[in-house]
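Please look over the model below before reading on. Have the sequence and the 3D view side by side.

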Amino acid sequence: MANQIIITISREYGSGGHEIAREIAEHFGFTMYDRSALDEMAKDQPEVSTSALEELQFDYIKNKAAERESFVVVGRCAEEILKDRYNIISIFITADLEDRIKRVKRKYNIETEGEATNKIKRHDRTRRNYHNSHSQSEWSDATTYDLTINSSRLGIEGTTQFIIDYIELISNKNIATK
């Protein structure tokens with residue numbers, strides 16, 4: 001893709017959204033920015049408050065967009081902080097609770113459904129609170145995103161391919177209408 005494209009991925013905990021984002025970034029040869037990468041970027045900064053760290057991360061993402069870099073960003077309210085850009089594709093990934101429970105149990109070696117469910121609820125609450133405190137929209141509101149998809153329907157591979165196809169269609173349409 002010759003033109004810049006920015007893909008934002010928000011997701012429910014256990015939906016496979018992070019894995020899907022990584023596969024999409026790899027497919028297009030884009031850098032992926034997630035909390036870990038952005039925390040790493042800020043590690044050389046002097047000790048700062050949480051809100052100052054968040055602002056550093058937001059500024060970093062905005063700067064990468066201004067530099068015309070194409071990238072995938074996971075979370076970090078990217079669909080909100082970059083909402084005025086024409087070349088953003090924002091995606092929200094959900095999944096059926098039973099699939100999320102299975103994935104979380106497997107990934108974190110959790111034995112009981114109750115423990116996995118509590119972990120999911122805790123992480124979703126944290127994500128919702130973070131998003132809603134930095135955004136004018138609601139975290140899981142479908143109207144906030146270009147595409148909301150349930151990864152339980154197609155599985156991780158199928159959902160990844162569906163999103164890749166969607167991105168390619170949107171990118172080609174945007175190029176044709178310029």
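The points below go from the whole chain to one helix and then to the core.

1. Keep in mind that this is a predicted model. The chain has 7 helices and 5 strands. From the N terminus on, these elements run β-α-β-α-α-β-α-β-α-α-β-α.

2. Check the overall size. A compact globule of 178 residues would have a radius of gyration near 16 Å, and the chain has 16 Å, so the two agree. The C-alpha trace spans about 50 × 45 × 30 Å along its principal axes. Of the 178 residues, 47% count as buried.

3. Now take helix H1, residues 17-28. Its 12 residues should span 16 Å at 1.5 Å a residue; the end C-alpha atoms are 17 Å apart, which agrees. Buried in H1 are Gly17, Ile20, Ala21, Ile24, Ala25 and Phe28. They sit on the same side of H1, because they cover an arc of only 135° around the axis. Just after H1, Gly29 takes a positive phi of about 75°.

4. Turn to the largest nonpolar core, which has 21 residues. Ile7, Ile9, Ile24, Val72, Ile91, Ile163 and Ile167 have the most contacts inside this core. At least two residues come from each of S1, H1, S3, S4, S5 and H7. H1 gives the most, with 5 residues.

5. Follow Ile7 through the model. Leaving out residues up to four places away in sequence, Ile7 touches Ile24, Phe28, Phe30, Phe71, Val72, Val73, Ile89, Ile91 and Ile167. Another core, of 14 residues, lies apart from the largest one; Ile6, Leu38, Ile61 and Phe71 are among its members.

Terms used
Residues are numbered from 1 along each chain as its sequence is written. This is a predicted model: local features need pLDDT of at least 70, side-chain atom pairs count only at pLDDT 80 or more; totals for chains, interfaces and linings use all residues. Side-chain values use heavy atoms; hydrogens and water are left out. Helices (H or I, at least four residues) and strands (E, at least two) are DSSP runs, numbered from the N terminus. The expected span of a helix is 1.5 Å times one less than its number of residues. Buried means under 20% relative accessible area, exposed over 50%, partly exposed in between (1.4 Å probe, protein chains only). The arc is that of the directions from the helix axis to the C-beta atoms. A nonpolar core is a set of buried Ala, Val, Leu, Ile, Met, Phe, Trp, Tyr and Cys residues joined through side-chain atoms within 4.5 Å. Contact means heavy atoms within 4.5 Å. The radius of gyration is taken over C-alpha atoms; the globule rule is 2.2 Å times the number of residues to the power 0.38.
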